Amino acid sequence: MPGRDYLAEMNAAIDAALPDGDYVAPLVAHDLVEKLLATDPDLLHGWCEARYEPILADFIHHKVKARRSASREASARAAFAEAAGAFVASGDALALREAVRSPFDAEYVVNGDLLRRKVRDMVGADHLFVASEYAESKQTAALLESFHRAVAKKVGGKRTSEVFTEETYLAMYRSITRQDSVAA
(Lines give C-alpha, C1' and ligand atoms only; values in the text may rest on other atoms or scores of the structure.)
Protein backbone atom coordinates (compact mmCIF):
# COMPACT_ATOMS: atom_id res chain seq x y z
CA MET A 1 0.00 0.00 0.00
CA PRO A 2 1.53 3.34 -1.01
CA GLY A 3 2.14 6.02 1.62
CA ARG A 4 -0.05 9.05 2.09
CA ASP A 5 0.33 12.09 -0.14
CA TYR A 6 0.72 14.55 2.73
CA LEU A 7 1.16 17.56 0.46
CA ALA A 8 -2.04 16.91 -1.49
CA GLU A 9 -4.01 16.05 1.63
CA MET A 10 -2.82 19.18 3.43
CA ASN A 11 -3.63 21.34 0.40
CA ALA A 12 -7.18 19.94 0.52
CA ALA A 13 -7.38 20.56 4.29
CA ILE A 14 -6.16 24.15 3.84
CA ASP A 15 -8.66 24.75 1.04
CA ALA A 16 -11.45 23.43 3.27
CA ALA A 17 -10.29 25.61 6.20
CA LEU A 18 -10.21 28.85 4.19
CA PRO A 19 -13.45 30.80 4.53
CA ASP A 20 -15.11 32.42 1.55
CA GLY A 21 -15.17 35.83 3.24
CA ASP A 22 -12.66 37.88 5.18
CA TYR A 23 -10.09 36.07 7.30
CA VAL A 24 -6.79 36.43 9.14
CA ALA A 25 -4.30 33.82 7.90
CA PRO A 26 -2.56 33.20 11.26
CA LEU A 27 -5.94 32.54 12.89
CA VAL A 28 -6.98 30.12 10.16
CA ALA A 29 -3.61 28.36 10.53
CA HIS A 30 -4.01 28.16 14.31
CA ASP A 31 -7.49 26.67 14.01
CA LEU A 32 -6.33 24.16 11.39
CA VAL A 33 -3.37 23.07 13.52
CA GLU A 34 -5.64 22.60 16.54
CA LYS A 35 -8.11 20.60 14.45
CA LEU A 36 -5.42 18.38 12.93
CA LEU A 37 -3.72 17.77 16.28
CA ALA A 38 -7.06 16.49 17.55
CA THR A 39 -8.23 14.58 14.47
CA ASP A 40 -5.25 13.69 12.24
CA PRO A 41 -1.86 14.46 13.81
CA ASP A 42 -0.21 12.11 11.28
CA LEU A 43 -1.25 14.43 8.44
CA LEU A 44 0.15 17.49 10.22
CA HIS A 45 3.44 15.79 11.10
CA GLY A 46 3.79 14.15 7.68
CA TRP A 47 3.17 17.45 5.91
CA CYS A 48 5.69 19.22 8.15
CA GLU A 49 8.26 16.52 7.48
CA ALA A 50 7.70 16.81 3.74
CA ARG A 51 8.18 20.60 4.02
CA TYR A 52 11.31 20.67 6.22
CA GLU A 53 13.67 21.92 3.52
CA PRO A 54 11.42 24.62 1.99
CA ILE A 55 10.41 25.84 5.46
CA LEU A 56 14.03 25.97 6.58
CA ALA A 57 15.10 27.70 3.35
CA ASP A 58 12.38 30.31 3.81
CA PHE A 59 13.37 30.80 7.45
CA ILE A 60 17.04 31.21 6.45
CA HIS A 61 16.04 33.75 3.78
CA HIS A 62 14.07 35.83 6.30
CA LYS A 63 16.79 35.50 8.94
CA VAL A 64 19.45 36.74 6.52
CA LYS A 65 17.25 39.70 5.57
CA ALA A 66 16.59 40.53 9.22
CA ARG A 67 20.25 40.13 10.17
CA ARG A 68 21.30 42.31 7.24
CA SER A 69 18.80 44.99 8.21
CA ALA A 70 19.72 44.93 11.90
CA SER A 71 23.41 44.91 11.08
CA ARG A 72 23.01 47.85 8.72
CA GLU A 73 21.13 49.85 11.32
CA ALA A 74 23.37 48.99 14.26
CA SER A 75 26.65 49.35 12.41
CA ALA A 76 25.54 52.59 10.78
CA ARG A 77 24.62 54.08 14.17
CA ALA A 78 27.81 52.86 15.84
CA ALA A 79 30.01 53.94 12.94
CA PHE A 80 28.35 57.33 12.76
CA ALA A 81 28.72 57.86 16.51
CA GLU A 82 32.39 56.92 16.32
CA ALA A 83 32.97 59.09 13.25
CA ALA A 84 31.10 61.99 14.82
CA GLY A 85 33.36 61.72 17.85
CA ALA A 86 36.42 61.65 15.60
CA PHE A 87 35.10 64.63 13.66
CA VAL A 88 34.51 66.63 16.85
CA ALA A 89 37.99 65.74 18.08
CA SER A 90 39.89 66.26 14.81
CA GLY A 91 37.62 68.06 12.37
CA ASP A 92 38.14 65.19 9.86
CA ALA A 93 35.05 65.23 7.62
CA LEU A 94 36.29 62.14 5.73
CA ALA A 95 35.64 60.03 8.83
CA LEU A 96 31.98 61.07 8.69
CA ARG A 97 31.62 60.09 5.03
CA GLU A 98 33.18 56.69 5.67
CA ALA A 99 30.87 56.03 8.63
CA VAL A 100 28.07 54.76 6.42
CA ARG A 101 28.16 50.98 5.98
CA SER A 102 29.32 50.07 2.54
CA PRO A 103 26.84 48.65 0.02
CA PHE A 104 29.86 46.58 -1.04
CA ASP A 105 28.91 44.18 1.78
CA ALA A 106 25.31 43.72 0.61
CA GLU A 107 24.25 40.24 -0.46
CA TYR A 108 21.98 39.40 -3.41
CA VAL A 109 20.49 36.37 -5.14
CA VAL A 110 22.45 36.26 -8.39
CA ASN A 111 20.88 33.47 -10.44
CA GLY A 112 17.85 31.29 -10.94
CA ASP A 113 19.30 28.68 -8.57
CA LEU A 114 18.98 31.26 -5.73
CA LEU A 115 22.73 31.50 -5.22
CA ARG A 116 23.56 34.38 -2.85
CA ARG A 117 26.71 36.41 -3.28
CA LYS A 118 28.15 39.57 -1.73
CA VAL A 119 28.50 42.56 -4.05
CA ARG A 120 32.27 42.45 -3.61
CA ASP A 121 32.29 38.96 -5.17
CA MET A 122 29.71 39.51 -7.92
CA VAL A 123 30.58 39.42 -11.62
CA GLY A 124 28.85 41.37 -14.37
CA ALA A 125 26.28 38.64 -15.06
CA ASP A 126 25.34 38.69 -11.36
CA HIS A 127 24.66 42.43 -11.47
CA LEU A 128 22.58 41.99 -14.63
CA PHE A 129 20.51 39.27 -12.93
CA VAL A 130 19.89 41.53 -9.91
CA ALA A 131 18.99 44.44 -12.18
CA SER A 132 16.55 42.29 -14.16
CA GLU A 133 14.87 41.13 -10.94
CA TYR A 134 14.40 44.75 -9.87
CA ALA A 135 13.09 45.69 -13.31
CA GLU A 136 10.61 42.82 -13.32
CA SER A 137 9.31 43.54 -9.83
CA LYS A 138 9.08 47.27 -10.65
CA GLN A 139 7.09 46.59 -13.81
CA THR A 140 4.77 44.11 -12.08
CA ALA A 141 4.20 46.47 -9.17
CA ALA A 142 3.43 49.39 -11.50
CA LEU A 143 0.94 47.32 -13.50
CA LEU A 144 -0.79 46.04 -10.37
CA GLU A 145 -0.89 49.57 -8.93
CA SER A 146 -2.60 50.84 -12.07
CA PHE A 147 -5.01 47.93 -12.08
CA HIS A 148 -6.08 48.37 -8.46
CA ARG A 149 -6.42 52.15 -8.84
CA ALA A 150 -8.73 51.64 -11.83
CA VAL A 151 -10.76 49.03 -9.94
CA ALA A 152 -10.97 51.30 -6.87
CA LYS A 153 -12.28 54.14 -9.02
CA LYS A 154 -15.05 51.95 -10.43
CA VAL A 155 -15.91 50.16 -7.17
CA GLY A 156 -15.99 53.16 -4.85
CA GLY A 157 -17.77 52.21 -1.62
CA LYS A 158 -19.29 49.01 -3.00
CA ARG A 159 -17.86 45.51 -3.00
CA THR A 160 -15.99 44.45 -6.12
CA SER A 161 -18.50 41.64 -6.70
CA GLU A 162 -21.32 44.22 -6.80
CA VAL A 163 -19.64 46.06 -9.67
CA PHE A 164 -17.82 43.34 -11.64
CA THR A 165 -18.46 39.72 -12.44
CA GLU A 166 -15.53 37.40 -11.92
CA GLU A 167 -15.15 37.04 -15.68
CA THR A 168 -15.01 40.81 -16.20
CA TYR A 169 -12.51 41.24 -13.37
CA LEU A 170 -10.29 38.47 -14.74
CA ALA A 171 -10.42 39.90 -18.26
CA MET A 172 -9.37 43.33 -16.96
CA TYR A 173 -6.67 41.79 -14.76
CA ARG A 174 -5.20 39.80 -17.61
CA SER A 175 -5.37 42.78 -19.93
CA ILE A 176 -3.58 45.14 -17.61
CA THR A 177 -0.96 42.71 -16.34
CA ARG A 178 -0.52 41.04 -19.73
CA GLN A 179 -0.69 37.66 -18.03
CA ASP A 180 -2.37 34.52 -19.26
CA SER A 181 -3.07 33.24 -15.76
CA VAL A 182 -4.10 34.83 -12.51
CA ALA A 183 -1.43 35.42 -9.85
CA ALA A 184 -2.20 37.10 -6.58
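Lys-35 is exposed, with a relative accessible area of 54% (exposed means over 50% relative accessible area, buried under 20%, and partly exposed in between, with a 1.4 Å probe and protein chains only). The residue sits in helix 2, which runs over residues 25–39 (helices are DSSP runs of H or I with at least four residues, strands are runs of E with at least two, and both are numbered from the N terminus). Between the C-alpha atoms of Lys-35 and Ala-17 there are 9.9 Å, and the two residues are 18 apart along the chain. The model is a predicted one, in which local features need pLDDT of at least 70 and side-chain atom pairs count only at pLDDT 80 or more, while totals for chains, interfaces and linings use all residues. Residues are numbered from 1 along each chain as its sequence is written, and side-chain values use heavy atoms, with hydrogens and water left out.

As for the overall make-up, the protein has eight helices and two strands. Going along the sequence, the order of elements is α-α-α-α-α-β-β-α-α-α. Of the 184 residues in the protein, 14% are buried. The protein exposes about 13900 Å², and 58% of that comes from carbon and sulfur atoms (areas are from the Shrake-Rupley method with a 1.4 Å probe, and for residues only the protein chains shown count as cover). Taking contacts between residues at least 6 apart in sequence, 31% join residues at least 24 apart (contact means heavy atoms within 4.5 Å).

Next come the helix pairs at the start of the chain. Two packed helices are described by the angle between their axes and the distance between the axes. Helix 1 and helix 2 pack at an angle of about 125°, and their axes are 10 Å apart (axes are lines fitted to C-alpha atoms, for helices over the stretch in contact, and angles run from 0 to 180 degrees between N-to-C directions). That angle makes helix 1 oblique to helix 2 (angles under 35 degrees count as roughly parallel, over 145 as roughly antiparallel, 65 to 115 as roughly perpendicular, and the rest as oblique). The crossing of helix 1 with helix 2 is right-handed (a crossing is right-handed if the near helix is turned clockwise from the far one by less than a right angle, and left-handed if anticlockwise). On the helix 1 side, the contact is made by Met-10, Ala-13, Ile-14 and Ala-17, and on the helix 2 side by Val-28, Leu-32 and Leu-36. Sorted by class, this contact of helix 1 with helix 2 holds seven nonpolar residues, no polar ones and no charged ones (Ala, Val, Leu, Ile, Met, Phe, Trp, Tyr, Cys and Pro count as nonpolar, Asp, Glu, Lys and Arg as charged, and the others, Gly among them, as polar).

Helix 1 (residues 6–17) also packs with helix 3 (residues 41–50), at an angle of about 120° and with the axes 9 Å apart. Helix 1 is therefore oblique to helix 3. Here the crossing is left-handed. Helix 1 brings Tyr-6, Leu-7, Glu-9 and Met-10 to the contact, and helix 3 brings Asp-42, Leu-43, Leu-44, Gly-46, Trp-47 and Ala-50. The class count for helix 1 with helix 3 is seven nonpolar, one polar and two charged residues.

The remaining pair in this set, helix 2 and helix 3, packs at an angle of about 120°, with the axes 5 Å apart. These two helices are therefore oblique to each other. Val-33, Leu-36, Leu-37 and Thr-39 of helix 2 meet Pro-41, Leu-43, Leu-44 and His-45 of helix 3. The residues in this contact split into six nonpolar, two polar and no charged.

Leu-114 is exposed, at a relative accessible area of 62%.

Helix 8 covers residues 166–177 and includes Thr-177. Thr-177 is buried, with a relative accessible area of 7%. Leaving out residues up to four places away in sequence, Thr-177 touches Leu-143 and Leu-144. Tyr-173 and Val-151 are 22 residues apart in sequence and 9.6 Å apart in space, C-alpha to C-alpha.
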